[in-house]
Amino acid sequence: MSQTNFKLKQSTRQLEQSNAHLKAANIRLAQAQSQLLQAERLASIGLLSAGVAHEINNPIGFVNANLGTLKTYVGHFLELIAAYEAAEHFVGNTPIKWNSITVLKNRMDWPYMKDDVLPLLDESQEGLDRVKRIVRALNDFARTDAADVWQPEDIHQGIESTLSVFWSQIKHRCELRKEYGELPAVTCVLSKLNQVFLNLLQNAAQSIEGQGVITIRTGCQSDEVWVEVADNGQGIVPTDLPHIFDPFFTTKPVGKGAGLGLAVSYGIVQQHHGRIEVKSEPGRGATFRVWLPVSPPTARS
Ligand SMILES: Nc1ncnc2c1ncn2[C@@H]1O[C@H](COP(=O)(O)OP(=O)(O)OP(=O)(O)O)[C@@H](O)[C@H]1O
Ligand SMILES: [Mg+2]
């Protein structure tokens, strides 16, 4: 009897174990499926973005050129009018319709208009530069640049050069910790990867209200290296997690974030045949880990 009991207990335990394994496998499967769906969605957004970027690029080109010429012309017009105004004294009472000129000037508020026209053009140029940056970001998200130079690079050097431009802006409120591992040279476009590191560091810094800590870790596993940027900031709510790589998804106030940093980073890492993993809990910070193959197939072909 006790023998049967023992066997029963044993098989129950085995059943429980295989049940637990099944559950874990199920969770992994669901995660893989949602990652696949996200990758597919982002790939189609990428195609759309590339099309939009291409279409917008052309009008931006000529508006930009015209704006430059227009500014030069307006500068000359203003100079010419100033010369005419200076000559007004010498004209005296010749048969010129001073009255109608004065009325015209008053009606258009000439003094204001004269001062406003160049700042207006400058502001338009700034707006256009912003559109240009967005289009460039959409392009980075969508495709590789033929001019990119792929070569073996020291990832730590990339991180350090990114830090040298970025760190001074936030060092007064963030503590930086580095936990670097040993890394082999990675075949990549380092300038592009630096953009990824910068975007991750910027997000980390922006997630921290007041004082905080940003930790950069690196490591290597078989033929891949990883770079991790972790912060102890506000974290990401679970419902936002599936959207953070979407172009234009942002939780930041208008003017603070365009929602392009992670989309661009995703595109760049994808071009390197790598991937980005995220772990985050609201209130407990976020950790972004970028995995990169040491020698990606793009560079080999
Ligand atoms: N380290 C982080 N901690 C908390 N939330 C984050 C972090 N990184 C990204 N996020 C969330 O993901 C969103 C998208 O990030 P992304 O970098 O793409 O855009 P952004 O930072 O809002 O704007 P941009 O990068 O264009 O200036 C952020 O608005 C924020 O909600
Ligand atoms: Mg960002």
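**Close-up views of a predicted model**

**View 1. Pro-296 is a buried residue, with a relative accessible area of 0%.** In this predicted model, Pro-296 sits in the loop that joins strand β7 to helix α7, the latter spanning residues 297-300. If residues up to four places away in sequence are left aside, the residues that Pro-296 touches are Trp-150, Thr-187, His-272 and His-273. Glu-277, by contrast, lies 19 residues away from Pro-296 in sequence, and the C-alpha atoms of these two residues are 18 Å apart in space.

**View 2. Five strands form an open sheet with mixed pairing.** Read across the sheet, the strands follow the order β2-β4-β5-β7-β6. The edges are formed by β2, residues 174-179, and by β6, residues 275-280, each of which pairs on one side only. From one strand to the next, the sheet twists by an average of 15°. Helix α4, made of residues 155-170, packs on this sheet and touches β2, β4, β5 and β7, and the direction of α4 makes about 170° with that of β2.

**View 3. Strands β5 and β7 pair in the antiparallel sense.** Eight bridges link β5, which covers residues 224-231, with β7, which covers residues 286-293. Two of the facing positions can be picked out here: Val-229 stands opposite Phe-288 of β7, and Val-227 stands opposite Val-290 of β7. How many of the eight residues of β7 are buried? Seven of them are, and the strand can therefore be described as mostly covered, since buried means a relative accessible area under 20%.

**View 4. Strands β6 and β7 form a hairpin.** The two strands run antiparallel and are joined by six bridges, with Ser-280 having Ala-286 of β7 as its bridge partner. Five residues lie between the two strands, and in this turn Gly-283 has a positive phi of about 80°.

**View 5. Helices α5 and α6 pass one another in a left-handed crossing.** The axis of α5, residues 190-207, and the axis of α6, residues 261-271, come within 9 Å of each other and cross at roughly 145°. On the α5 side, the contact is made by Lys-192, Leu-193, Gln-195, Val-196, Asn-199, Leu-200 and Asn-203, while α6 contributes Gly-261, Leu-262, Val-264, Ser-265, Ile-268, Val-269 and Gln-271. Sorted by kind, the residues of this contact comprise seven nonpolar, six polar and one charged.

**View 6. Cys-188 and Cys-220 are in no disulfide.** The structure as a whole holds zero disulfides. For Cys-188, the nearest cysteine sulfur is that of Cys-220, 14 Å away, and for Cys-220 the nearest is likewise that of Cys-188. Is Cys-188 buried or exposed? At 0% relative accessibility, Cys-188 counts as buried, whereas Cys-220, at 38% relative accessibility, counts as partly exposed.

Conventions. Residues numbered from 1 in each chain as written. Chains lettered and ligands numbered in written order. Predicted model: local features only at pLDDT ≥ 70, side-chain atom pairs only at ≥ 80, totals over all residues. Heavy atoms only, no water. Disulfide = S-S within 2.5 Å. Buried < 20%, exposed > 50% of the residue type's maximum accessible area, 1.4 Å probe, protein only. Axes fitted to C-alpha atoms, helices over the stretch in contact; angles between N-to-C directions. Helix = DSSP H or I, 4+ residues; strand = E, 2+ residues; numbered from the N terminus. Left-handed = near helix turned anticlockwise from the far one by under 90°. Contact = heavy atoms within 4.5 Å. Nonpolar A, V, L, I, M, F, W, Y, C, P; charged D, E, K, R; others polar. Pairing = 2+ DSSP bridges.
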